[in-house]
Amino acid sequence: MTKATDTAFVEFDRVQKSYDGEVLVVKDLNLSMPKGEFLTMLGPSGSGKTTCLMMLAGFETATHGDIRLDGQPINNIPPHKRGIGMVFQNYALFPHMTVAENLSFPLEVRNMGKSDRQEKVKRALDMVQMGDFGGRRPAQLSGGQQQRIALARALVFEPELVLMDEPLGALDKQLRETLQFEITKLAHDLGITVVYVTHDQTEALTMSDRVAVFDDGRIQQLAPPDELYEKPQNSFVAQFIGENNTLEGVVQDIKGETCIVKLDSGDIIDAIPVNVHTVGERTKVSIRPERVEYDKSRLSADAHTLKAEVLEFIYMGDIFRTRLRVAGTDDFVIKSRNAPDQTRLKPGEMIEIGWLAQDCRALDA
Amino acid sequence: MSPCNTGDNIMTDATGPMMAADGRPLKASLNRALRRQKLRALALIAPLLVFIMFTFIIPIGQMLFRSVENQIVSDVLPTTVAALENWDAETGQAPDEDVFYALTQDLMVAVEKKQHTRLGSRLNYEMTGISSLFRKSGRSVDDIGEVYADQFIDLDPRWGEAEFWADLMGAEGLTPDMPFEMHPDVFTTFARAAPAYAAFAATIASEDGDDPREEEPWNSVYLALYEDLKEAPKFTNAPKGIEIMSEFAPQVVDFETIDLAAEFADIDEDWVDPAVWQTIQTYAPEFTNGYFLNSIDRQKTPDGAEWRPEDEQIYLKLFWRTMLMSLAITGSCILLGYPVAWLLANLPMRTANVLMILVLLPFWTSLLVRTSAWKVLLQQQGVINDLLVWIGIVADDNRLALINNATGTVIAMTHILLPFMILPLYSVMKTIPPAYLRAAKSLGATNWTAFWRVYFPQSVPGIGAGSILVFILAIGYYITPEIVGGTKGVFISNRIAYHISSSLNWGLAAALGTILLALVLVFYWLYDRIVGIDNVKLGG
């Protein structure tokens, strides 16, 4: 890992964190980010992602290991000397200052001259399309506007690294989507490095260059969004990202790129062995709902198929969501596009389903 | 026309107001609907309102009214006050016989009603010695005029009979079972004797339940009669007593007379002292600003308000000291309370609760106990001095005077009022998310800058609320300065208490209290101007 230092801008090296000396909140974290990357830390609450962010910002100290910024260890540098911009979940705009004063604050503490300050504040406000709001108090702004100001404040002193702690958590869906786009665009335009923490996977997938999925104090998988979704490395990631069907069984045979899994119901299916290595190992097989086929003509002739009973059909507008009973589970879901030639399955109907072997991943049990 | 107006037209008559479904004006309907709610709300607060009204607002209003109320002089000495109007204090002479005549009449009534001592005490606030003057005169005033009584009775023994007097002065057709009533016309016949007799009749009836038909008149009534008759008037238009009076009037001229001023001077020399009369004249009006002038170390003189002599000025100094010390107490409460409140707001819940109990502990201990404890701690042979001597900071023969002075008051009151600073501060700090400090630091602020520019301004409402509480409580504090303040550490409220319970000068106490109240309101107003009362938060 340490060899990556040459190109890494932000680097966690074997970092551990414990609050009480008994439980590790962050276990052996290794992460390295190149300059200009937009990295999202995604995970359920308590997974250690916010703690990592706070260690990077300097509000928590690592119990063990090094955190390096641009090659320099920053463990012992106080937060105000790290020069890292930060956007907080509840914005943390200073309520007793106007918007312009809020933005001017980081420049003032850097002893910048008045005219320079005014110019930078104006530019930063224009950047988030809030140019006319300099005289307002934060309380007079809507949530979305406050978020824009918080963003501008974190950027106004031109940090190379910006941390964002669930910045859009308090906004409604539509606004969130608009701001997701704006933040991503701004980050790329300015070329800044962003570490973004969220528990919203859609946000993580749409905004990031890479996503680090956290669970139990460890990074479970660090990958670009498409890889994360399509090639989950373990069953936690498969479950956590997107909708997923899980079937449990035992590996019966491994042949290079494919393996054969015997499900608990006795059915046999094809899969790619991802982290199963020996015959007889228990496995959880993961199949994305939209990759399941029930039209036999689209399946290859030698593909294994399973019998399924339709339990429920839900019309969702753009897609159909059908719940099936397959191999002893009641919550097997398939999704199909609402196309003119698509068949609408009826509850009680018996069908046969199958998939391409590469879409079916045999993961850890 | 906007769509809105079109909508209105559907609901309204062409000209009239909005109507409810039953055709009555909507406003009236709404008011009716709300009236019940309002009445219920009123009923809920009514008991408290009535309680407060009768136990607090009305008594306090009355008390404050005493600061200008001065009816006692004109009530007790009505004719004297009227006669004094023509007297000019500038002459340096005692007033003329008319005033002394009026004084005789007023004083007689006052003595019977036992009002003269009260008046004496009242005027004694303004001039020392008047109290004993009135008390002394009360014992002797009934002798004045005795010489005339004797001469009238010598002239005709009927003058000594109650019945004779009653017939002379009483209304026609009075039967013994009817209450005595004056004849309306005698007032014109006897310009002086009739009022004097009327006062006599009314006083004995009201004070002792006596009937004037059974009681010999006071000597002052004989004096009045003599005054009427000595000018030998012609009794032309009087219905009663004409015959009798025509008989007596000429003989009165030969009476032995007395000099009223001399008679009073006999009782007490002070009665011929113009200063006494000047005091009575100055305080004759029903309302006075005298108490207020006293409260600010000034006094009323015929030429207007004047400063009291330097050595008698205490109140302005006391007000000033009360304010300065209250400010000092408020300041030390802020200094001591702020860090504690900060800890309380930022510690983990369990630890904060323990600390909170420690903060509240003083509330559960009697104020007197706490203050007395300070007495033990602070005295020259007390714990703190012992400790300082033992450590060697202070020499044994040079122990610090920590009590019975301003220092003692500030120390003890800071301790007592500290919770009133900490609690509002805490409740405000509790609402300041730690994210602000983090945000400030992430933006490059040092710990101090983050605190001073970001945290502190947001805690100002708490400081404001705490300060206004502590300051207002301190400015009116009484018990602690009384116990630990000595002479140099007492507040204006101690002086008020003294006037209420010891000197019984309630008027002055009320004036001092009113000024104190006004001061508090002025401070409140100033505070509103500077800090803004909207900025005060007592909770959440």
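E158 of chain A counts as partly exposed because 13 C-beta neighbours lie inside 10 Å. A residue is called buried if 20 or more other C-beta atoms lie within 10 Å of its own, exposed if 12 or fewer, and partly exposed in between, with C-beta atoms placed from the backbone. The model is predicted: local features need pLDDT of at least 70 and side-chain atom pairs count only at pLDDT 80 or more, while totals for chains, interfaces and linings use all residues. Residues are numbered from 1 along each chain as its sequence is written, and chains are lettered from A and ligands numbered from 1 in the order in which they are written.

E158(A) is found in the loop between α4 (143-156) and β7 (161-165) of chain A; helices (H or I, at least four residues) and strands (E, at least two) are DSSP runs, numbered from the N terminus. Although E158(A) is not a glycine, its phi is positive, about 55°. Most residues other than glycine have a negative phi. In chain B, D297(B) is not a glycine either and has a positive phi of about 60°. D297(B) lies in the loop between α16 (290-295) and β1 (298-301) of chain B. With 18 C-beta neighbours inside 10 Å, D297(B) counts as partly exposed.

Chain A contains an open sheet of four strands in the order β2-β1-β4-β5, with antiparallel pairing. Two strands pair if DSSP finds at least two bridges between them. The edge strands, β2 (24-34) and β5 (72-73) of chain A, each pair on one side only. Strand β1 (residues 8-18) of chain A runs antiparallel to β2(A), and seven bridges join them. V10(A) stands opposite M33(A) in β2(A).

Chain A is divided into domain 1 (2-235) and domain 2 (244-364), with bounds that come from an automatic or database domain assignment. The C-alpha centres of these domains of chain A lie 39 Å apart. Four residues of domain 1 are in contact (C-beta atoms, placed from the backbone, within 7 Å) with eight residues of domain 2 of chain A.

The contact between the chains takes 18 residues from chain A and 15 residues from chain B. On the side of chain B that touches chain A, α22 (434-442) and α23 (447-475) of chain B each supply at least two residues. The largest share, six residues, comes from α22(B). By class, this side of chain B has eight nonpolar, five polar and two charged residues; Ala, Val, Leu, Ile, Met, Phe, Trp, Tyr, Cys and Pro count as nonpolar, Asp, Glu, Lys and Arg as charged, and the others, Gly among them, as polar.

Key. Two residues are in contact if their C-beta atoms, placed from the backbone, lie within 7 Å.
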